[in-house]
Amino acid sequence: VQTAYSRSPATGWTVSIGIPRQELRAEMLRSLARLAVGIAALFAIGLTLAWFMGGRLARSVTALTIPATALGKGEPVRVPRVYLKEAAEVGAALEHASDLLRQRAAALAARERDLAQAHTRLRDVIDSSPALIYLKDLQGRFLLVNKTYERMLGSERTKARTGDGSLPRVLHEQPPSAADKQVMQSGGVVQFEERIDTAEGLKYFAVSKAPLRDHEGRMIGICAAAVDVTSLKMAEAQIRELVATLENRVEKRTEELRVANAQLLEVNARLQEANGQLEAFSYTVAHDLRAPLRGIQGFADALQEDYEGKLDETGQDYLQRISKAAGRMEQLITDLLAFSRLSRMELVSGPVSLAEVFRNVLSNLEAQIRESNAQISVAPGLPFVWANSTACLQVFQNLVSNAMKFSRRDVPLSVRIWTELRPIEQTGARLVRIWVEDNGIGIPPAQQQRIFKPFERLHGMSEYPGSGIGLAIVDVATRRMQGHCGVESEVNVGSRFWVELPAMRTEG
């Protein structure tokens, strides 16, 4: 018996329990048996589960080898059915990687096509260039030459292949020149002229050489371009020859100009002398010729007054002719002096009011206007011109006087004066055209250019008196004021004389 004791601390009693050892051992063996059976069952279940899960894992891993192999070959990835979440995630990652690789491959193919096109275009540009273009490595071996180089220098591509069996790379070999060495030492651009014996003969080239570098900036060779400047050299020689010829001509012309200048000085001296003589002549005309004319006029008037009753009609007619001839001579002398003075005097230009000029013209011709009963209208708001006031007064007084002189007797005289602004497109300046229009006898078209020359008369003195200098004064004065004049006319309808003068300058 297996006995166990227990004493109570409260009561002091003792309790004892006794179990036969055989029964205790039997119960323990039954418990151990049940425990052993349970452990064995659990072990069997664990083995079964392990075998099942291992199979599923093996099948999933095996299934992933196919898409992994396709991914390595660049083929489309198709992930079969897998039984593990992790394997499914790996399969999805393989499919995503396949999509990315396809995209990268497509982009790479597009870039390769673009690069091939760019290479083709670059090669076309290089081959179409008229310059010699070539690339060399640091040992002097030619890596690229264009068609112009091949045509002119007869380069032949070597048939040898590089060690890895790629396309021919080295065209031909030439020891580095002094310019090549200078580029290698300086690392910069070298430019010079070179004379080369080509298939087309001896030619001159302007050569430019620069370092050829890789993507890391290291010098791996030399690129060069040579432009044919033979024509420029020939042109330079021709220019030098022309310059020498021109210098000779300049020296010759300089000597000729020196002689001509001496002649001009002599002519100028003669002109000054002639001008002095003209001044003396003008003085003589103004005084010495007018004095006899005044005497003739005075004696004719005295004779007509004192002997009016003693002379017959013929004598009276002679006296009147003498008096009129003296008057015409006096007017001719006055006009000649005005013409000569206008041709020689200095005309200082400035702002001139046309309204003021025509007020003075009408005031000076008041008696003639009243005598001819002329209707003269002046447009309001006449502008300013850049001219000489005295010359303007003479010009327009002559034009208005002519309009009244050459009027039709059966038609009331009408004179109209107005202006218009005419821009000059080439310079941007402006001209003022002044019109003096009448309804007089008019001028035949064939005679319209003659009337501005001195002493050109279209009618006899008996019809229309005058010296024939008035319009010549208009022409000279207008040209000296940097202007122009002209006429538009129709016989028995009237004339429109015009004068163009520069508009008044504005301060800018």
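The questions and answers below go through a predicted model of one protein chain. Local features need pLDDT of at least 70 and side-chain atom pairs count only at pLDDT 80 or more, while totals for chains, interfaces and linings use all residues. Residues are numbered from 1 along each chain as its sequence is written, and side-chain values use heavy atoms, with hydrogens and water left out.

Q: How many helices and strands does the protein chain have?
A: Helices (H or I, at least four residues) and strands (E, at least two) are DSSP runs, numbered from the N terminus. Counted that way, the protein chain has ten helices and 14 strands.

Q: What percentage of the residues in the protein chain is buried?
A: A residue is buried under 20% relative accessible area, exposed over 50%, and partly exposed in between (1.4 Å probe, protein chains only). The protein chain has 508 residues, and the buried share is 28%.

Q: Which share of the contacts with a separation of 6 or more joins residues 24 or more positions apart?
A: A contact means heavy atoms within 4.5 Å. Among contacts in the protein chain with a separation of 6 or more, the share from residues 24 or more positions apart is 57%.

Q: What distance lies between the end C-alpha atoms of helix α1, and what span should its residues give?
A: The expected span of a helix is 1.5 Å times one less than its number of residues. Helix α1 covers residues 21–73, which is 53 residues, so it should span 78 Å. The distance between its end C-alpha atoms agrees with this, at 77 Å.

Q: Which residue follows α1, and what is its phi?
A: The residue after α1 is G74. Its phi is positive, near 80 degrees.

Q: Which helix is included in what covers the buried residues of α1?
A: The buried residues in α1 are S60, A63, L64, P67, A70 and L71. Their cover includes helix α2 (85–128).

Q: Are α1 and α2 roughly parallel or roughly antiparallel to each other?
A: Two packed helices are described by the angle between their axes and the distance between the axes. Axes are lines fitted to C-alpha atoms, for helices over the stretch in contact, with angles from 0 to 180 degrees between N-to-C directions. The axes of α1 and α2 come within 10 Å and cross at roughly 5 degrees. Angles under 35 degrees count as roughly parallel, over 145 as roughly antiparallel, 65 to 115 as roughly perpendicular and the rest as oblique, so α1 and α2 are roughly parallel.

Q: How many nonpolar, polar and charged residues does the contact of α1 with α2 have?
A: From α1, S60, L64, P67, A68 and L71 meet A87, V90, G91, L94, A97, S98 and L101 of α2. Ala, Val, Leu, Ile, Met, Phe, Trp, Tyr, Cys and Pro count as nonpolar, Asp, Glu, Lys and Arg as charged, and the others, Gly among them, as polar. By class, the contact has nine nonpolar, three polar and no charged residues.

Q: Is V77 buried or exposed?
A: V77 sits in the loop between α1 and α2. Leaving out residues up to four places away in sequence, V77 touches P67, A70, L71, L94, E95 and S98. Its relative accessible area is 5%, so V77 is buried.

Q: How far apart are the C-alpha atoms of A92 and V77?
A: A92 is in helix α2 and is partly exposed, with a relative accessible area of 42%. A92 and V77 are 15 residues apart along the chain, and their C-alpha atoms are separated by 9.8 Å.

Q: Is N373 buried or exposed?
A: N373 is in the loop between α8 (366–372) and β9 (375–378). N373 is not a glycine, but its phi is positive, about 55 degrees. With 57% relative accessibility, N373 counts as exposed.
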